[in-house]
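Visitor: Please guide me through this model, taking its strands, a pocket, a helix pair and the backbone in turn.

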Amino acid sequence: MTKSRSLFALFALVAAPLAGQQPAPSAPATVTLTAAEAIGLARRNSPTYLQTLNDRGPASWGVRNAYASLLPSFSVSGGMGYTGSGSSTFGGSTFNQTSPALSSNYSYGFNWSLDGQVLSQPGQAKANAHATDADITAAEVGLVADVTTQYLNGLQAQAQVRVAEQQLQRAQEFLQLSQARYSVGQATLVDVRQAEVEQAQAEVGLLRAQQTASEQKLTLFRLMGTEPPTAVTAVTLVDSFPLDSPTVVLADLKALAAEQNPGLVSARARESAATWGVRSAKSAYLPSLSARAGWSGFTQEFTDENLLLAQAYAGGLGSAANCQFQNDLIDRLTSPMPYPNGGKVADCLAASGLTLAGSDTVLSAGVTQGIRDRNDVFPFHFEKQPFQASVSVSLPIFTGFGRRLRLSQAQAQRDDAEQARRARELQVRTDVEARYLALGTAWKAILVQEKSRQAAGERLRLAQDRYRLGSGTALELTDAQNAVTRAEGDYYSAVYEYHRAFVALEAAVGRRLR
């Protein structure tokens, strides 16, 4: 009877604080983040991925440039100049520049060259562009794998926080139970102190689990290339991943990886580019064709017009004197010439562009104006030059073994690219099979850890009942609680290790599998 009353009092003391205890309301998360949102932000902000993405523009322009090299190139040029008066020597001859002159010129034309290297450029550029696209795809696959893996790490850390919270709750219940049993004489002070130690350790474990969760989320935001929008403790990862048994087939995975793995696609494209490089090197033994055509013009205007007028005046005087001389000869002839006016020039001054101004002989106004008009050409009254065009065919005979050297280098690069592609194929097959085996192992580990967790939970319930009834010890209950915590932590580790193994398998294949 006394024992029954003691047990009744013990249960009353334990039930009273437990009935009044309410779970502390968790602070609402101000920001939630799903895996898809994290991947989307990473695609827009990841510095490493954006660096790889920047290679697409030059690769695309490389293809355009390769095709444009098949077309002729056009060029336009023009210029202006000034030449002072004086003498200059060129080619052993001396030239006198009596007046400073302004000059201008223009030229435009096209140049077209065609050889084997030009013909092989489009194929090589397209192969390099294909390799660049594959590199970008590989970078994206790697980014998705890294972000997803880190997101899983964050989910695992959050799960470990919940495990630590449950451990703290069990430690608090154990402390209350031991205090209640001690108050009725059913336990010793050693049990109470043991419970207090367990509670303190559980509190420290919770703090560490929370710290780990914050660090994992900070690492996730770093991979995403952005800052947390709020305090990292207020960010909650809310996505979940299906926990289904793997149904993938190894042979199908290998075939899929051989076709779609971006690293392998890039290696094949670079091998193709190296093959085009060999073709380009071999084409150096073939002739090359080039054609040119162009138009040009120039102007030259003397700045000292008086010098031009003086030269014209001196020439006019000489022409007029010669004209008068011929008239005098005609007058001495005995037989008249069969021409109008006997072949004589009626006015030698007018015929020579001269006229009388009083008693002085000067250039006529028409001649003076004509000289000035012909000199007023700078800068755009060009004198056109004849059209020029040429076609040539060139065939190098001996280049000091330069062509053979370039061919040997191109062949070595092609062989290196072939071996790199083979190595990549072997690596992909190895990675796929290893990740497949790891996935199967991770799934089996989940099944084992689930049984362990259930056994640990049953052991804890038995230990709690035994301790309440006074047949168990505090050490037994403590061991059972710690075993549950380890089992639950190991279970969540196995679950997220399985998800990480699936992500690693997807990265090895080069595409999503679920």
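Visitor: Which residue in S5 is the bridge partner of Phe74?
Guide: The structure is a predicted model. Strand S2 covers residues 73-83 and strand S5 covers residues 101-114, and the two run antiparallel. Eleven bridges join them. In S5, the residue paired with Phe74 is Phe110.

Visitor: Over how many bridges do S5 and strand S7 pair, and in which sense?
Guide: Strand S7 comprises residues 288-302.

Visitor: Which helices each supply at least two residues of the lining of the second largest pocket?
Guide: This pocket holds about 290 Å³ of space. Its lining has 18 residues, and those nearest the centre are Ile39, Val144, Thr148, Glu506 and Arg512. The helices that each supply at least two lining residues are H2 (35-45), H5 (116-183) and H13 (474-509).

Visitor: How do the lining residues of the second largest pocket divide into nonpolar, polar and charged?
Guide: Among the residues nearest the centre are Ile39 and Val144, together with Glu506 and Arg512. Ile and Val count as nonpolar, while Glu and Arg count as charged. For the lining as a whole, the division is ten nonpolar, two polar and six charged.

Visitor: Why are H5 and H6 described as roughly antiparallel?
Guide: The axes of H5 and helix H6 (residues 189-224) come within 8 Å and cross at roughly 165°. Angles over 145 degrees count as roughly antiparallel. The relation of H5 to H6 is therefore roughly antiparallel.

Visitor: What is the handedness of the crossing of H5 and H6, left-handed or right-handed?
Guide: The contact of H5 with H6 has, by class, 20 nonpolar, 16 polar and eight charged residues. The crossing of these two helices is left-handed.

Visitor: What is the omega of the peptide bond from Phe378 to Pro379?
Guide: Pro379 lies in the loop between helix H11 (365-375) and strand S10 (383-384). The bond that joins Phe378 to Pro379 is cis, with omega near 5°.

Visitor: Where is Phe401 placed, and what is its phi?
Guide: Phe401 belongs to the loop between strand S11 (388-394) and helix H12 (402-469). Although Phe401 is not a glycine, its phi is positive, at about 65°.

Note on methods:
Residues are numbered from 1 along each chain as its sequence is written. This is a predicted model: local features need pLDDT of at least 70, side-chain atom pairs count only at pLDDT 80 or more; totals for chains, interfaces and linings use all residues. Side-chain values use heavy atoms; hydrogens and water are left out. Two strands pair if DSSP finds at least two bridges between them. Helices (H or I, at least four residues) and strands (E, at least two) are DSSP runs, numbered from the N terminus. On a 1 Å grid over the protein atoms alone, a cavity is a set of points where a 1.4 Å probe fits but cannot get out, and a pocket is an open set with protein on both sides within 12 Å along at least five of seven lines; lining residues have an atom within 4 Å of a point. Grid points are joined across faces, edges and corners, and a volume is the space filled by probe spheres set on the points. Axes are lines fitted to C-alpha atoms, for helices over the stretch in contact, and angles run from 0 to 180 degrees between N-to-C directions. Angles under 35 degrees count as roughly parallel, over 145 as roughly antiparallel, 65 to 115 as roughly perpendicular and the rest as oblique. A crossing is left-handed if the near helix is turned anticlockwise from the far one by less than a right angle, and right-handed if clockwise.
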